Structures are given as C-alpha cells and as structure tokens.
Amino acid sequence: MAASMRLLLRRVIRLSHRYNNVTAAGGSARSGCCWGPSTCRCFSDVAGDRSTHFGFETVPETEKAKRVYKVFENVAQKYDTMNDVMSLGIHRLWKDMLLHAMHPQPGARLLDVAGGTGDISFRFLEYVRSQQERQKRRTARSMQTPSSQDISDNYSTEDEDTSQESRAVVCDINKEMLNVGRKRADSMGISAGLSWVVGNAEELPFDDDQFDIYTIAFGIRNVTHIDQALQEALRVLKPGGRFMCLEFSKVTNPVLARIYDAYSFQMIPVLGEVIAGDWKSYQYLVESIRKFPDQEEFKHMIEDAGFYCVKYNNLTSGVVALHSGFKL
Amino acid sequence: MFRNVFGRLLTEPIRVHRYLKNAPLIQRATADSVPARSFSDVKDEVQQQPFDTSLLEFLVCPLSKKPLRYEAETSELINEELGIAYPVVNGIPNMIPQEARLLQKDADASTSPTQE
C-alpha cells in the first residue's frame with residue numbers, strides 16, 4: 001500500500017516536472033496552433049508525410065486515430081465514472097444545457113457523433129418523450145368535449161405519430177464505448193428509437209440530407225481532420241438542420257484559467273490513475289484540450305465548412321463552449 | 001391507505017429478489033473484476049441481438065455512399081459495387097472501411113478498402 005503511494009507520488013512529481021518544462025513549449029504551441037491546421041498541412045505536405053498533434057506530442061496523422069482509439073478502449077468501462085469525478089458532476093449540466101439549446105421537437109432525427117456511451121442520445125429521447133406527453137396533455141385538456149369529427153381526427157394523428165417517431169443514432173469510432181453505452185441503455189430501459197453504429201466522423205456511413213440535428217459532444221478534438229468531420233456534418237444534415245458541438249475551450253477569466261490549468265495537469269491524471277488505472281490516457285485528455293483551437297477560431301472553421309448563423313456560448317466561463325450552426 | 005403501503009413494502013423486496021435472481025449474469029458483467037468465463041457467458045447472450053434493418057434507410061457505405069444489402073447468414077452489410085462486406089457485431093454495424101472484408105469473388109485485390 002505504502003509502496004504504491006510512493007510510486008504514485010514519484011509519478012506525480014515526475015509529471016509535474018514534465019508539465020513545468022512543457023508549459024513553455026505548450027504556450028508557444030498554443031499560439032502556433034492559432035495559425036490553424038491548414039498551415040501545418042502545407043508544411044508537412046512538402047515534407048511528404050503528414051503529422052499532427054496527439055496531446056503535446058507530434059505524431060503522424062495515421063497514428064493519431066489509432067492512439068485515440070486505444071485511449072478510449074482503455075477508459076471505456078470507467079468513462080462515465082471518471083466524467084463525474086473529473087468534472088464534479090458538472091458535465092451533466094453542460095449536456096442538459098446542450099439539450100435545452102437544441103429544444104428538439106417530437107419526430108426529430110438526431111445523429112450523435114462520437115456519442116460513445118450515449119449521454120446526449122438518452123437525454124434527447126427523454127426530452128422528446130416528455131415533449132410528446134406535454135403535447136398530448138394539452139390536446140386532451142382542450143378536447144374536453146370532442147365532436148365526432150375531432151374523435152376521427154385524433155385517430156388519424158395517432159398513426160402519424162408512430163411513423164414520425166424520433167430517432168437517435170449514436171455513431172462512434174470505438175466499439176467498446178458503444179457496447180458500454182448499449183448496456184447502459186438496456187439497464188435504463190431506453191431502446192425504442194435508439195441505434196448504434198460504429199463509424200468514422202470523417203467518413204460517415206450515412207446518406208445525404210438525413211438528419212435534423214447533428215451533435216458532437218467532447219469528441220471533435222479527437223478527430224484527426226476536423227474540417228473533414230465538419231464537411232461530413234454538413235452533408236448528412238437536412239437543409240435547415242442544426243450542427244451543435246460541445247467542446248472544451250479557452251477559459252476567459254485569467255485567474256480561473258490558472259486554477260483550471262493547475263487542476264487539469266495536477267489532479268486529473270492522478271484521478272485517472274487512481275480510478276481508471278490509466279495515467280497516460282488522462283494526460284492525453286488534458287493536453288488535447290490545450291491543443292484544440294479557441295472559440296473564435298473554431299467558429300471560423302465551422303463557417304468555412306459552409307454553416308450559417310454560427311454562434312457560440314461559453315459555459316462555466318469558457319471551460320466548455322457550445323457552438324451551433326445551421327445548414328441553409 | 002397504510003395497508004396499501006405495507007402491502008407494497010412486503011411484495012417489493014420479493015419482486016426485487018426475483019429480478020435479481022434472473023439477472024446475476026448482467027450483475028457479474030458490470031463488476032470491475034470480471035472472471036473470463038462469466039464475461040464470455042454474457043457475450044453469448046448479447047450476440048443474440050439482431051441487426052435493426054430500419055437503419056438501412058439511411059445507412060450507406062462510407063466510401064461510395066451507396067446503399068447496402070444486409071446478409072443475415074453472415075451478419076454482414078454488403079456493398080456489391082466495391083465488393084466489400086461490413087461486419088455486424090452484436091447488432092452493431094461496424095462501418096469502418098479498414099474493418100471491411102473483401103468479398104472472395106473480387107479477385108481484384110488492388111481495390112482494397114483502405115485506399116481512399
């Protein structure tokens with residue numbers, strides 16, 4: 001017991017040293033990454049072999065997807081527990097805010113990319129169901145004395161409802177995450193209108209103009225080619241469809257930023273080691289947040305992909321940003 | 001009124017006990033230290049989950065974006081044009097091109113799915 005504590009302590013000290021050396025590099029990397037991934041690609045095209053970032057490491061692009069896959073394969077079983085612990089349960093509020101902003105109507109079709117364990121899809125289906133119940137209650141109240149015409153209309157609308165059932169499709173590159181998600185769905189009793197597909201966000205296996213809403217929550221920073229993912233999002237959305245992205249972003253308040261950095265680099269990998277037995281994966285997680293473009297730059301990337309009315313909201317002072325755009 | 005409550009309090013544990021008796025495998029699978037044998041038991045149970053064919057409405061091949069055909073015996077989604085088959089594992093289709101299998105009829109190995 002004491003030996004493992006000593007090991008843990010030594011690792012903490014070693015990694016905090018590494019962090020101190022790396023913040024200097026990390027700081028310059030942050031300003032560097034503001035040029036955008038397009039510039040990096042120009043340079044590496046000339047070099048003949050593309051490289052990208054995996055946390056603070058530089059890896060060839062082909063490797064990044066594999067390494068991201070391994071990270072999530074390792075953490076899949078403990079993913080939900082770790083989310084609760086690391087964000088102190090606040091991630092539930094963030095996801096609830098996403099649903100409120102989305103305000104889906106019954107009959108809507110959702111594509112939840114990088115949906116993993118299905119948090120967004122479950123919330124979507126529950127929201128839509130409660131909306132449906134509210135609507136039914138409203139019509140029941142207004143139909144206290146129905147005429148025969150009203151009764152026959154009611155029968156016909158019931159049929160329409162069943163054909164316009166809301167659907168949520170969870171798409172993730174990692175089978176393990178989807179399996180965990182499906183087990184959760186079965187234990188929660190949510191199965192109607194929920195589908196699971198293994199797929200790559202850069203090459204979605206869906207037809208054009210199919211979905212009303214496309215969400216990607218805390219997943220887009222793990223995608224190797226973000227612009228390709230955004231283009232695929234544009235393709236599969238119906239005209240008038242909405243793109244919504246929840247992602248960790250730059251904290252606006254400088255004092256909070258220092259606290260957040262300290263918490264991220266000192267606490268989170270330790271928690272990862274203690275709870276999930278995986279230091280490296282959680283180190284990657286906090287590093288990948290630093291490498292992701294900030295709110296404004298990501299907004300420009302979404303606009304470049306062809307979305308209109310792109311806006312973002314900072315949640316928790318910029319720890320998380322909710323970006324939204326429409327396909328018009 | 002209280003009689004109802006007492007009645008439910010008595011029958012509730014019996015119902016829960018009965019539920020727990022029927023679901024020991026699922027409980028064992030969700031435990032952290034899972035012995036290999038029980039895990040494979042759960043896997044066999046889960047394997048039974050069928051593929052939801054209503055997905056085929058909008059599911060297409062990620063490479064060619066053309067519709068697919070579901071083959072129930074081999075549990076695969078087949079793209080005739082490119083001659084590749086995507087596996088369906090536990091009812092979840094795996095639409096990653098690298099995981100697709102080339103159909104044996106296609107002797108042309110140069111059209112490998114990874115070239116895109």
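Start by selecting chain A and chain B together: across their interface, 10 residue pairs are in polar contact, both residues at pLDDT 80 or more (N or O atoms within 3.5 Å; within protein, one must be able to donate a hydrogen and the other to accept it, and residues adjacent in sequence count only if both atoms are side-chain atoms). This is a predicted model, in which local features need pLDDT of at least 70 and side-chain atom pairs count only at pLDDT 80 or more, while totals for chains, interfaces and linings use all residues. Residues are numbered from 1 along each chain as its sequence is written, chains are lettered from A in the order in which they are written, and side-chain values use heavy atoms, leaving out hydrogens and water.

Next, color the side of chain B that touches chain A: 12 of its residues are nonpolar, five polar and six charged, with Gly counted among the polar ones. Here 23 residues of chain B are in contact with 25 of chain A (heavy atoms within 4.5 Å). Together the chains bury about 1,900 Å², meaning accessible area (1.4 Å probe) lost on being put together, summed over both. Pick Phe58(B), Lys65(B) and Ile92(B), which lose the most area on the chain B side, together 33% of what that side buries.

Stay on Lys65(B) and show Glu232(A): the two form a salt bridge, with the closest N and O atoms 3.3 Å apart. The rule (a side-chain nitrogen of Lys or Arg within 4 Å of a carboxyl oxygen of Asp or Glu) finds four across this interface.

Finally, move to helix α3 (residues 61-75) of chain A, where Glu63(A) and Arg67(A) lie four residues apart, about one turn; helices here are DSSP runs (H or I, at least four residues). These two form a salt bridge as well, at 3.5 Å between the closest N and O atoms.

Technical notes
Buried area = accessible area lost by both parts, 1.4 Å probe. Helix = DSSP H or I, 4+ residues; strand = E, 2+ residues; numbered from the N terminus.
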